[in-house]
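The exercises below are meant to be worked through with the sequence and the coordinates open side by side. Each task is followed by a solution in steps.

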Amino acid sequence: NARYRHYIYAPSGVLLTLRTTAFVERDEGFGLTQAFDVDKVLDDARLLRISNSLRWSEDTDGVRGRVRPALYQAIDHRRAMRYEAFVRGETDGTEPDLYGIAVTHRRSAWRDWLFFELGVELFWAYGPLPADRCSTCVGAAVGFEILFGEGYDRMLRRDALRLPSDDEPGET
């Protein structure tokens, strides 16, 4: 695949990110995805992100779309939460085929550059096949991320100075 990314910085803490991706995949054939995110800094510990994407491929009936508003909350320099909702569907005349809510806890462990995530979601799926349908289902996710590079090291040190530590009581 090939991807182009463009950032637009707007006044008052708003960032618009545009991503265009052209791809060829075995399951979907040739396709194109246009994604755009709007980030708004609410305060030092919270960020609101609205993620949108439109995808066309040889396999889709029309255009597949996804919308995901999310609130990110920094608890301290080692822990954060993400609260999100999501809706996905195609422009083939049917209702959205997936929607739900999710909560994710993210924490650095052992090192400032190693992160673990634990998440849980509640969702509803209405796919064309019986195996793609689910009414009021629960999902769980476990993940990890490793940050590399001096830029991340500087960012982590800067954020650690701005947010309360594990030992200090935080604001509620």
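**Exercise 1. Decide whether Cys134 is buried or exposed, and then describe the bond that Cys134 makes.**

Step 1. Cys134 has a relative accessibility of 16% and therefore counts as buried, where buried means under 20% relative accessible area, exposed means over 50%, and partly exposed lies in between (1.4 Å probe, protein chains only). The model is a predicted one, in which local features need pLDDT of at least 70 and side-chain atom pairs count only at pLDDT 80 or more, while totals for chains, interfaces and linings use all residues. Residues are numbered from 1 along each chain as its sequence is written, and side-chain values use heavy atoms, with hydrogens and water left out.

Step 2. A disulfide, taken here as a pair of cysteine sulfur atoms within 2.5 Å, joins Cys134 to Cys137 with an S to S distance of 1.1 Å. By this rule the count comes to one disulfide.

Step 3. Cys137, at 17% relative accessibility, also counts as buried. The torsion about the S-S bond of Cys134 and Cys137 is about -120 degrees, so the disulfide is left-handed.

**Exercise 2. Work out the order in which the strands form the sheet, and find which strands stand at its edges.**

Step 1. The protein chain has one helix and nine strands, which are DSSP runs numbered from the N terminus (helices H or I, at least four residues; strands E, at least two). Along the sequence they follow the pattern β-β-β-β-β-β-β-β-β-α.

Step 2. The nine strands form an open sheet in the order 1-2-3-4-5-6-7-8-9, with antiparallel pairing; two strands pair if DSSP finds at least two bridges between them. Strand 1 (2–10) and strand 9 (133–146) stand at the edges, and because each has a single partner strand, one side of each is left without a neighbour in the sheet.

Step 3. Ser53 has Arg66 in strand 5 as its bridge partner.

**Exercise 3. Locate Trp110 and state whether Trp110 is buried or exposed.**

Step 1. Trp110 lies in the loop between strand 7 (98–108) and strand 8 (114–126).

Step 2. With 68% relative accessibility, Trp110 counts as exposed. By contrast, 28% of the 172 residues of the protein chain count as buried.
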